[in-house]
Amino acid sequence: MIITGDDSEYIAFVKARLRDQFLMTDLGPLRYFLGIEVSSTSDGFYISQEKYIQDLIARAALGDERTVETPMELNVKLQPTDGDPLPDPTRYRHLVGSLVYLAVTRPDISYPVHILSQFVSAPTTVHYSHLLRVLCYLRGTITRRLFFPRSSSLQLQCYSDATWASDPSDRRSLSAYCVFLGGSLIAWKTKKQTTVSRSSVEAELHAMALLTAEVTWLRWLLADFGVSITTPTLVLSDSTGAISVGRDPVKHELTKHIGVDAFYTHA
């Protein structure tokens with residue numbers, strides 16, 4: 001259990017009440033919790049999973065000390081029929097499951113983990129080789145951490161992107177976003193879209209709508225914490241077409257097949 005707050009006396013009171021009801025031990029300041037390492041400095045907090053990565057690489061029993069610069073090759077398109085089926089997919093499933101948890105502190109592997117997770121039911125030798133590449137990447141970047149500065153603005157900054165028709169199996173697009181609270185990265189996601197987008201603008205608008213829903217929830221959550229955000233939260237995208245449609249309600253009539261997402265993003 002983690003107890004946090006800005007009132008040390010009340011935290012001590014909560015601990016005392018818990019000790020009255022349960023057999024528990026106070027481990028002191030937070031340093032390690034469920035595989036997540038936390039370190040505090042005068043500038044802010046760092047979170048990482050360095051030991052978790054070391055244990056994961058040890059379980060994978062990699063045969064060399066090779067490292068790579070990126071977790072996945074550029075423009076790679078994996079399909080279910082690539083390679084030969086693995087005789088025993090247990091290790092593949094175990095490693096992918098571990099990577100899913102590792103993505104809690106490593107947003108840089110969010111995309112490859114999303115791709116590799118799609119093949120856990122019937123992984124092949126090709127899928128497994130790409131999985132090992134992710135582990136080689138982690139070996140070379142094991143010390144990377146997320147930083148949460150103590151002094152930072154309480155304004156949300158959001159970035160959205162999409163890859164149009166990127167899945168060769170069903171031609172569905174991928175949505176991706178990340179959200180910063182001041183200088184702190186607090187949310188990110190890579191998710192396959194539920195429908196087939198008929199244009200790159202449509203794919204980008206779906207991604208923007210997904211991000212808008214996340215931002216709406218985060219603003220409500222911050223309000224519950226007593227953080228009032230009175231200014232609009234900008235959703236940043238590199239698609240001029242999607243931005244044009246999202247900004248201009250008149251164009252919603254010209255794009256009725258994606259009008260709901262366009263209206264929701266604009267609102």
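Helices α3 and α5 are oblique to each other (angles under 35 degrees count as roughly parallel, over 145 as roughly antiparallel, 65 to 115 as roughly perpendicular, and the rest as oblique). This is a predicted model, where local features need pLDDT of at least 70, side-chain atom pairs count only at pLDDT 80 or more, and totals for chains, interfaces and linings use all residues. Residues are numbered from 1 along each chain as its sequence is written, and side-chain values use heavy atoms, with hydrogens and water left out.

**The helix crossing**

Two packed helices are described by the angle between their axes and the distance between the axes. Helix α3 covers residues 90-102, and helix α5 covers residues 125-140. Their axes come within 11 Å and cross at roughly 40 degrees. The crossing of α3 and α5 is left-handed (the near helix is turned anticlockwise from the far one by less than a right angle; clockwise would be right-handed).

**The whole chain**

The chain has eight helices and eight strands. These are DSSP runs, numbered from the N terminus: helices (H or I) have at least four residues, strands (E) at least two. The C-alpha trace spans about 60 × 55 × 35 Å along its principal axes. Of the 267 residues, 39% are buried (under 20% relative accessible area, with exposed over 50% and partly exposed in between, for a 1.4 Å probe and protein chains only).

**The sheet**

Strands of a sheet pair through backbone hydrogen bonds, either parallel or antiparallel. Here, an open sheet of four strands runs in the order β1-β2-β3-β4, with antiparallel pairing. Two strands pair if DSSP finds at least two bridges between them. β1 (32-33) and β4 (146-149) stand at the edges. Each has a single partner strand, so one side of each is left without a neighbour in the sheet. β1 pairs with β2 (residues 36-40) over two bridges. Phenylalanine 33 stands opposite isoleucine 36 in β2.

**Rings**

There are four aromatic pairs (rings of Phe, Tyr and Trp, its six-membered ring, with centres within 6.5 Å; planes under 30 degrees apart are stacked, over 60 edge-to-face, the rest tilted). One of them joins tyrosine 10 and phenylalanine 13: tilted, 5.7 Å centre to centre, 35 degrees between the planes. Both residues belong to helix α1 (residues 8-21). They are three residues apart, so about one helical turn separates them.

| Residue | Exposure | Relative accessible area |
|---|---|---|
| Tyrosine 10 | exposed | 52% |

Arginine 145 lies over the face of tyrosine 46, at 3.8 Å from the ring centre (NZ of Lys or CZ of Arg must be within 6 Å of the centre and within 35 degrees of the ring normal).

Technical notes:
Axes fitted to C-alpha atoms, helices over the stretch in contact; angles between N-to-C directions.
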